[in-house]
Structure formats: structure tokens, C-alpha cells
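Here is a short briefing on one model. Please keep the sequence and the 3D view open while reading.

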Amino acid sequence: MTFGEAMPEIRVTPPGPQSRAMLAKLQRNESAASLWAAEPETPIVWARAQGACIEDVDGNVFIDWTGGFSVAVAGHGNPAIVAAIQEQAGRLLHAQGVLNPSDRRVELSELLTALVPRPLEVVHLTTTGSEAIDVAMKTAVLATGRSHFLAFQDGYHGKGLAGTTLSANRKFRAPFASVLGHVAHLPSPYAYRSPFGGTPDECADRCLAYITDLLDNPASGVVDVAAMIIEPVQGNGGWIVPPPHFLRGLRALCDRHGILLIFDEIITGFGRTGRWFGGQHSGVTPDLMTCGKGMASGMPISAVVGTRDAMRHWTPMLQTSTFLGNPVCAAAAIASLAEIERLGLVDRAARMGERFNAALRALAARHPLIGEVRGIGMLQGIELVRDRATKEPAAAEAAKVAAHALRNGLHINNRGGRLGNVLKFSPPLVLTDAQLDRGLAILDDALGAVEAEMSRAPAAART
Ligand SMILES: Cc1ncc(COP(=O)(O)O)c(C=O)c1O
């Protein structure tokens, strides 16, 4: 068995002394924005990762259900990707973006063009997801001559200025409200909490009816819309999976109103949902697609891919960046795409995702703390509530479940949802069946422990 396929091994209760000492240094030296270290979620410091395993600086080994923010699609430290990086680093570390491309960049653009659904075919490489969002927004402005945007409640598109404009969370927007662009946030089909209510299909229909009115109604207040942006599965919002007909409805509306449709596939791309791209579950192709995260399974590279028509407005030098198409990141992306193909990870995500979802539903049958199980492919999660009838969110309990699981060797600290009560799981797609089963057992135990604590001291558990 390789390290990447290992089972957890806890030598010292995490976070151990080495992690704590290093966190203290970070807190002295870095901006407060760059570390989340609130109890009980004091993090471990990672020292090594491979496959679906992480080792911390105290020598503890964890099963990883975070994927490092959904990035390690082909596994942490995938040997083929590491070899490609090493080979490329020995030859050419950096080229000159817009002036002098590298051979690797030529290869990657061609691969991406071949991979994405038609009519998407023109690539613009970027470095982070947020930069890809910048480029997508600017493309829409150029292509339409308009400057307002439609995004979705519960949506997240990064923390650059463009992403902050489009993201919905008040906490991230409010301090910068004066410099954000024009955007209206539309209702998302989050049936569990939507005021529109109903089943997921009914909720999606009602959201669509609302959005249709917003666009048709000359007195709705919405004007000059360049583009509508949506994540095919809302990530930060808590793994909200729209029914396929919702995205089809949005496509029809955008076509009718001459609005570009942008799919933010930064989490959902590269096999994570059980298709190469999340939008493919609905058969809808957008005018622009942003990708990042899993594109190179761990190196910073991202892209916007658009239709020729949407992208034809760009002229040389109008959008450049120093690290555009960095050769080492491009080599990593090429190797990652090959590994996803070679290991059959797209199909594996679909198959394992079904098993994962069924297992979480079985846990929900025994754990009242679970209000809803949501997910598709290897994006699976649980929304925790203190009371199933009132749906009172259980954010503090979610943090406790994550901390308890960490102490037993399961890493699940990607907590999200508008109320912070969704535990979001997005393991590397190479997670083994045994690692999935062990992780489920640890999660079961953590849920039980927090429920027991709640029943012993209901008031204390709420603080
Ligand atoms: C859907 C989505 N869009 C954009 C971003 C921003 O990407 P980055 O953090 O690489 O800038 C994220 C990051 O989590 C994301 O989930």
C-alpha cells in the first residue's frame, strides 16, 4: 500500500505542538485575513500529502476529504504530475506571457480546446480562479457593450474585485461595497431554505419564473445586463445542486435577452461531478466557462474558455499577466488531464459519488443532526441542524464534528453554506474504497459524539 492509500495514524492529538507553534508564527507574520484558526477548528500544518492522505508536521496521518479546497482531483502529489513538474522545471521555469509562449502552453491550450464542449473553443489562460473571473467579466463587457451582471444568491466567485462583485456573501462584500460593480443577485434553487419552498424541481421552477419576470418586466429595475454567471453546483453556498432543467431554463432566458451565460466551473470542472464539466449534466453549454482548482491537481493555473464569438473582441495586450501560461503549471495541467483519463477518474467520481451519497443518507437516517444530504459525484456534503423541524442551523456543531473527526484522522474542515453549517466533502478522486469506508466510520462517530454532547448539555452545545 502506498502512503496515498494509507489509513489514518494519530500519534499526538491534533493540532499537535509543532502545528500550534507554527500557527503562532504565522499569526505574528501574516495578515489576519490569511489564516482561519478559531477554536475548535485550530488547523494542522501540512507537511506531506499524497493520493488521499495528508501528514502533518507532528507526524499524524489523515484521510483527506477536502482535496485541498477541491483541487487535488488526480490525487495529492500524483507521481506522474510531480515528474512532469520536475522535468519541466529543469528545462524552462518561466516564459514571457503575452510575448513569448512556451511549448507547454501551446500543448495545453490545444488539449483544453479539444476537451471542452463545443461551441467553447477559445482559451485564455490565467493563474487563479479569481483572475479567470476577472477575464470572464471583462469578456462579457467587451462582447456586449453592457456593464451590469446577474449572479446568484449563495454564489461564490472568489475574492478579487470582480469575484467580490459577483459573490453573494454579505460578509465578504459589505466592507468593499463602494467599489463593487453593478450586479443583481438572483434566487438560487436551494430548496432546503428557499422562501419559494417546494421540492427541488418546484423550487427551481419558481426561481425560474421569478428570473423570467425580472428579465421580461420593464419595471424590474434590471438594466444593461452583459452576462449571467452561475456555478453548475454552488460550492461555497453548500453544494447546492440545481436540477438540470434549471440551467436549461437559464440558457433559454439568456438567449432570449442577448445575455451571455457564464458557467463558473472552478470547483466543478475536471471530473469532480462525474462528468468532465458540471454543466454537462444539464446538456447546456455556456458562452464562457471559467476553470481553475483541479485543472492541474495542485499547481496555480486557471482558464477562461469561450465561444469564438464571445472571445473575438479581445485585441493583443488588452488582457495579459506576467505568469500567463506558466510552463511548469501548464506541464502539471497536461499531466493532470492525462492522469484523469488514464485512471478513469471521471467515471470513478460518478460511481463513488453514488456510494458516498447513499452512505451519507444512511448516516442521516441515524443522526438527527443531519438536516439534508446534498451532492453529485465527489462533491458530497451534509447540512447540520439543531432541530430538523425548525432547521435551526448547527454551525458550532459542524465545527465540533470537524474537530472530532480530525482527532480521529479524517480531515473535513471545509465548512460552508450561507449559515456555515454545511460540511462539504470533496476528496481527491483517487480516494480508495477503504478510505471512504473508514472516513464514513469516523464521521459517524463524530456525529454521535456531538449529538451526545448536545443531549447532555443542550444549552452549552449552542455556544
Ligand atoms: C466557484 C469558484 N469560483 C471562483 C473561485 C476563486 O478561485 P481562487 O480562490 O483560485 O481565486 C472559487 C474559489 O473557491 C470558487 O469556488
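**Ligand shell**

By class, the ligand's shell holds five nonpolar, nine polar and two charged residues. Here Ala, Val, Leu, Ile, Met, Phe, Trp, Tyr, Cys and Pro count as nonpolar, Asp, Glu, Lys and Arg as charged, and the others, Gly among them, as polar. This is a predicted model: local features need pLDDT of at least 70, side-chain atom pairs count only at pLDDT 80 or more, and totals for chains, interfaces and linings use all residues. Residues are numbered from 1 along each chain as its sequence is written.

- The ligand is surrounded by 16 residues, each with its C-beta atom, placed from the backbone, within 6 Å of it.
- The closest are Thr-128, Gly-129, Ser-130, Gly-158 and Ile-266.
- Helix α5 (residues 129-144) gives the most to this shell, with three residues. Helices (H or I, at least four residues) and strands (E, at least two) are DSSP runs, numbered from the N terminus.

**Helix α4**

- The buried residues of α4 are Arg-104, Arg-105, Leu-108 and Leu-112. Buried means 20 or more other C-beta atoms within 10 Å of a residue's own, exposed 12 or fewer, and partly exposed in between; C-beta atoms are placed from the backbone.
- Seen down the axis of α4, these buried residues fall within an arc of 95 degrees, so they line one face of the helix. The arc is that of the directions from the helix axis to the C-beta atoms.
- The face turned away from the buried side of α4 carries the exposed residues Val-106, Glu-110 and Ala-114.
- The buried residues of α4 pack against α3 (79-91), β4 (120-126), β10 (302-307) and α11 (327-342). Contact means C-beta atoms, placed from the backbone, within 7 Å.

**Domains**

- The protein is divided into domain 1 (3-64 + 344-461) and domain 2 (79-342). These bounds come from an automatic or database domain assignment.
- The contact takes 22 residues from domain 1 and 17 residues from domain 2.
- On the domain 1 side, α12 gives the most, with five residues.

**Backbone exceptions**

- Most residues other than glycine have a negative phi, and most peptide bonds are trans.
- A cis peptide bond joins Pro-14 and Pro-15, with omega about -5 degrees.
- Another cis bond joins Arg-118 and Pro-119, with omega about 10 degrees. Pro-119 sits in the loop between α4 and β4.
- Met-317 has a positive phi, near 75 degrees. Met-317 is exposed, with 8 other C-beta atoms within 10 Å.

Key: Two residues are in contact if their C-beta atoms, placed from the backbone, lie within 7 Å.
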